[in-house]
Amino acid sequence: MPSGQGNLTGDIDPTAVPHGHWDSFPSEPFPMYDGTKSIIYRSKDRRVVVGMLREKGKDTLVWPTDEFLYVTQGWIKIDVEGGEKFTLHPGDVMVMQKGQTITFECSEDFANVAVFIDMEGKGTFP
């Protein structure tokens, strides 16, 4: 598989291994947060999606899936309802659990790589 090409079907062929720089995969508009999104990998059963997001703005959500987030650019302020408030910068990680209520605010240049885990197999991805 060429560098920067996503495996969108979960193909296990050894030639279908997605690889490349975090922002080299094809992107599409992500209008909800005035940004873009890319899918790097989607499992066959749709329970796991690896993607890259560029987002702006602020919102409060009840998290729809478990998510591992790795900040690659900018910053994101996080306020977990009933928990901590903190700011993540490039190189920082966090895990959000399905059902948590989280308020977040992203810098204008915020970008991240995330792994979404949906045990119900809906393949939920923003």
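One definition before we start: with a 1.4 Å probe and protein chains only, buried means under 20% relative accessible area, exposed means over 50%, and partly exposed is in between. On provenance, this is a predicted model, so local features need pLDDT of at least 70 and side-chain atom pairs count only at pLDDT 80 or more, while totals for chains, interfaces and linings use all residues. Residues are numbered from 1 along each chain as its sequence is written, and side-chain values use heavy atoms, with hydrogens and water left out.

I'm calling it one when a side-chain nitrogen of Lys or Arg sits within 4 Å of a carboxyl oxygen of Asp or Glu. How many does a search of the whole structure find? Five.

Take D34 and K56, whose side chains meet in a salt bridge at 3.7 Å, N to O. D34 is in the loop between β1 and β2 (35–42) and K56 is in the loop between β3 and β4 (57–62), so this pair ties together parts that are 22 residues apart in sequence. Exposed or partly exposed? D34 is exposed, because its relative accessible area is 54%, whereas K56 comes out at 29%, so partly exposed.

Next, D23 and R54, with a salt bridge at 3.5 Å, N to O. Here D23 is in the segment before β1 (28–30) and R54 is in strand β3 (residues 48–54), so the pair links distant parts of the chain, 31 residues apart. Both ends are partly exposed, D23 at 36% and R54 at 25%.

Then there's D45 with R47, where the closest N and O atoms are 3.9 Å apart. D45 is partly exposed at 43%, and so is R47 at 33%.

Okay, on to strand β9, residues 101–106. Its covered face has I102, F104 and C106, and its uncovered face has T101, T103 and E105. In a regular strand, side chains alternate between the two faces of the sheet.

And what does β9 pair with? For me, pairing needs at least two DSSP bridges between two strands. β4 pairs with β9 in the antiparallel sense over six bridges, and D59 has F104 as its bridge partner in β9. Strand β6 (residues 76–80) is antiparallel to β9 too, over five bridges, with D79 partnered by T103.

Definitions and conventions:
Helix = DSSP H or I, 4+ residues; strand = E, 2+ residues; numbered from the N terminus.
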